[in-house]
Amino acid sequence: MKKYFVYSCYYLCVAFVSLVLMSSCEKEDDIRWSDVPQAVVNSFETKFPNAGRTEWEKKRGYYVVELWYQQVETQAWFENDGTWRMTETDLGHAVANLPEAVQKAFANSQYATWRVEDLDKYERPADTFYLIEVETNGQRDRDLYFAPDGTLLKDEMDRDNHEVTPDFSFN
C-alpha cells in the first residue's frame, strides 16, 4: 500500500510539472522582440511611439504585433522589410465608437436590431474600413464591412476562424 502511494505521488508530481511546463511555453508562432528584424522594429517604433505592452508573432508571412496604443487594443501587420501593411483597432461593442456616417448606415440597415458582437477599425495604406460583427437568435452571425462614409462594402456570413489580413479584399 505504501509503495502504491509513493508511485501515485511520483506520477502526480510528474504530471503536474509537465502541465506547468507545457502551459508556460509560447504559442508556436509567437516570437521574441529580439527576433523581429530591425527594419520592422524601426517601422513599428515610428508608427507607434510610446506603445504599451507588446506581443509579437509571425502570421501568414507578416510580423504581427499586438499592443496597447492610446489605451486601445491594437494589432499591426508589417512585412519583413518593415513596410506597414495594416492596423486593426478594437472598438469594443458600442456603435457610438463608430464614425457618425457608419452609425447612421448601420441604424438604417436590416441588421439594426441585431446584437453587436464586436467592432473593429482597419487601416491599410490604400483604405480604411469598419467591421461590425452582429448576431441574433435563429440566424447565422453576419460580418458587415463599412467604408468611413457609411457605404456598405460587404455583407457576409461570419465564418469561424476568419481573419482580416492585409490581403483581404471585398470581392
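Biologist: Happy to look at this one with you! How many salt bridges does a search of the whole structure find?

Modeller: Good place to begin, and please keep in mind that this is a predicted model. Side chains of opposite charge can pair when their charged atoms come close. The search over the whole structure gives a count of 12 salt bridges.

Biologist: Which residue forms a salt bridge with lysine 59, and how far apart are the closest N and O atoms?

Modeller: Lysine 59 belongs to strand E2, while its partner lies in the segment after E9, so the pair ties together parts that are 104 residues apart in sequence. That partner is glutamate 163, and the closest N and O atoms are 2.7 Å apart.

Biologist: Is lysine 59 buried or exposed?

Modeller: Glutamate 163 has 25% relative accessibility and counts as partly exposed. A residue is called buried under 20% relative accessible area. Lysine 59 has a value of 14%, so this residue is buried.

Biologist: What about glutamate 55: how far apart are the closest N and O atoms in its salt bridge with arginine 53?

Modeller: Glutamate 55 is partly exposed, at 43% relative accessible area. Arginine 53 is exposed, at 53%. Between the two, the closest N and O atoms are 3.7 Å apart.

Biologist: And which residue forms a salt bridge with glutamate 156?

Modeller: Here both partners are buried. The closest N and O atoms are 3.5 Å apart, and the partner of glutamate 156 is lysine 154.

Biologist: Let's turn to the fold. How many helices and strands does the protein have?

Modeller: From the N terminus on, the elements run α-β-α-β-β-β-β-α-β-β-β-β. In total, that comes to 3 helices and 9 strands.

Biologist: Which strands are the edge strands of the sheet?

Modeller: The sheet is open, with antiparallel pairing and the order E1-E2-E3-E4-E5-E6-E7-E8-E9. An edge strand pairs on one side only. The two that do so are E1 (30–31) and E9 (152–157).

Biologist: Which residue of E2 is the bridge partner of isoleucine 31?

Modeller: Strands of a sheet pair through backbone hydrogen bonds, either parallel or antiparallel. E1 and E2 run antiparallel and are joined by 2 bridges. In E2, isoleucine 31 has as its bridge partner tryptophan 56.

Biologist: Which residue of E5 stands opposite alanine 76?

Modeller: On one side, E4 pairs with E3 over 7 antiparallel bridges, and there alanine 76 is the bridge partner of valine 65. E4 is also joined to E5, by 5 antiparallel bridges. In E5, the residue opposite alanine 76 is threonine 87.

Biologist: Which residue has a positive phi in the turn between E4 and E5?

Modeller: The hairpin of E3 and E4 has 2 residues between its strands, and glutamine 70 takes a positive phi near 55° there. The hairpin of E4 and E5 has 5 residues between its strands. In that turn, a positive phi of about 95° belongs to glycine 82.

Biologist: Last one: at about what angle does helix H2 run to E3?

Modeller: Helix H2 (residues 38–47) lies across E2, E3, E4 and E5. E4 is mostly covered, with 5 of its 7 residues buried. Relative to E3, helix H2 runs at about 30°.

Methods: Residues are numbered from 1 along each chain as its sequence is written. This is a predicted model: local features need pLDDT of at least 70, side-chain atom pairs count only at pLDDT 80 or more; totals for chains, interfaces and linings use all residues. Side-chain values use heavy atoms; hydrogens and water are left out. Two strands pair if DSSP finds at least two bridges between them. Helices (H or I, at least four residues) and strands (E, at least two) are DSSP runs, numbered from the N terminus. Contact means heavy atoms within 4.5 Å. Axes are lines fitted to C-alpha atoms, for helices over the stretch in contact, and angles run from 0 to 180 degrees between N-to-C directions. Buried means under 20% relative accessible area, exposed over 50%, partly exposed in between (1.4 Å probe, protein chains only). A salt bridge is a side-chain nitrogen of Lys or Arg within 4 Å of a carboxyl oxygen of Asp or Glu.
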